[in-house]
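Hello,

Here is the structure we talked about. Please have a look, then read my notes below.

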Amino acid sequence: MRVLVIGGGIGGLATALAVHAAGIEVEVFEAAAEVRPLGVGINLQPHAVRELTELGLGEALAANGVATQEFRYANRFGQTIWAEPRGLAAGYRWPQYSIHRGRLQMLLWDAALARLGTERLHSGRRLAGFSQDEAGVTAHFGDGSTARGDALIGADGIHSAVRACLVPGEGAPRWNGAILWRAVSPARPFLSGATMVQAGHRDTKFVCYPIGEAPGGRMLVNWIAEQRFPATTPWAREDWNRPARIEDFLPIFADWRFAWLDVPGLIRAAEAVYEFPMVDRDPLPRWRQGRVTLLGDAAHPMYPIGSNGASQAVLDARFLALQLARHGAVEAGLEAYEAVRRPATAAVVEANRGDGPDRVLDLVHARAPDGFDRLEDVVPCAELEATINGYKRIAGFDPATLNTRESWSVTPGPRPAA
């Protein structure tokens, strides 16, 4: 069996590594002429870290990311709404990592180069279309070249060329009115030194977490400033590299100074800020067409709520490889993959549209917009816990389920100690 992967991002490279580990021949085709470390920070939840660890990347993740120790929700005054341990500290057998998106992509790219060889990784190959018959599928690229395989996996992002072929006329992604300004700034460690914070509410939110070390005992802190606008506001196509102006949004957060974090100071410390609209697409009723299917953002682009986009792509990759290996026949394997992953990811897309676990911020803001003296007078702890833990179950990373489910490796290795 030979698999063609369209897209050399996180999902595509994870797919290539997983398929290769399953003993299946694989080749990757990336549209960009050069693979570069773009973007800012992202999170890998323990379920994704499990899959990457079982692919032999655990040490590389530990060396390149920050193991998240705590997650905290706060209101716009810095008052804590919810705090909980994360990763190993929360009872998982695998850590949670905060890492620079570009660093993660290059980590995966280097691993793919080492394992697949340079002849299996192609850049500057933009998909123009594909054709398939009973014997296989042929990818047609914009430079006139072709590639032949038994299966074709569209892992080419939210503007997927593969998806455009499968769902012609779908149109642009759906914007929910929110703009994200994203950057990385050097700053003194805050709270535990490995805490992820989300503060504010649905309309105005600030997210931050460390992704690495900086000189002078400081940390590199990834941050996201978010503001919601009327639906009629014009917005531009998503681009990891669209520069933004601090003066366009700094006034919104000018007085967000907490005892443990100076938000405007963090914003001002950024060397470059990027602007990104919060978009997704409606879940599809089908991913597969014959020997072709979708994966990651090409299949289920979702709002960046709950820190799940990249993690879900990694889960897709591993489960797809397992099903192809188990079934042997391409279409049966793709069908088994879709039968599990399409409804699972559709549930996450819908949960994120409803603000997912971030609904706890909205609950507190609606009931105590000017802050509170006692949180229990605003919202019962049980209500917060039900919202947060319910989302973990939907997204597939509640500790009990993750720690006990079977491995998705074709030949499982030893499990971490309980």
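The salt-bridge count comes to 37. Bear in mind that this is a predicted model.

Arg202 is partly exposed, at 31% relative accessible area. Asp355 is buried, at 3%.

Asp355 also touches Ile305. Ile305 lies in the loop between strand E18 (292-294) and helix H7 (309-327). Ile305 is buried, with a relative accessible area of 3%. Its other contacts beyond four places in sequence include Asn352, Pro357 and Tyr391. Ile305 and Gly354 are 49 residues apart in sequence, yet 9.6 Å apart C-alpha to C-alpha.

- Glu226 pairs with Arg228, closest N and O atoms 3.9 Å apart. Glu226 is buried at 6%. Arg228 is at 15%, so it counts as buried too, the cut-off being under 20%.
- Arg257 pairs with Asp262 at 3.6 Å, N to O. Arg257 is partly exposed at 48%, and Asp262 is partly exposed at 37%.
- Arg286, Arg288, Glu331, Glu335, Glu338 and Arg342 are linked in a network.

Last, Thr68. Thr68 is in the loop between strand E4 (66-67) and strand E5 (70-74). Thr68 is buried, at 3% relative accessibility. Its side chain makes a polar contact with the side chain of Ser98, at 3.1 Å. Among its other contacts are Asn43, Arg86 and Met196.

Best wishes

How values were computed: Residues are numbered from 1 along each chain as its sequence is written. This is a predicted model: local features need pLDDT of at least 70, side-chain atom pairs count only at pLDDT 80 or more; totals for chains, interfaces and linings use all residues. Side-chain values use heavy atoms; hydrogens and water are left out. Helices (H or I, at least four residues) and strands (E, at least two) are DSSP runs, numbered from the N terminus. Buried means under 20% relative accessible area, exposed over 50%, partly exposed in between (1.4 Å probe, protein chains only). A polar contact is a pair of N or O atoms within 3.5 Å; within protein, one must be able to donate a hydrogen and the other to accept it, and residues adjacent in sequence count only if both atoms are side-chain atoms. Contact means heavy atoms within 4.5 Å. A salt bridge is a side-chain nitrogen of Lys or Arg within 4 Å of a carboxyl oxygen of Asp or Glu.
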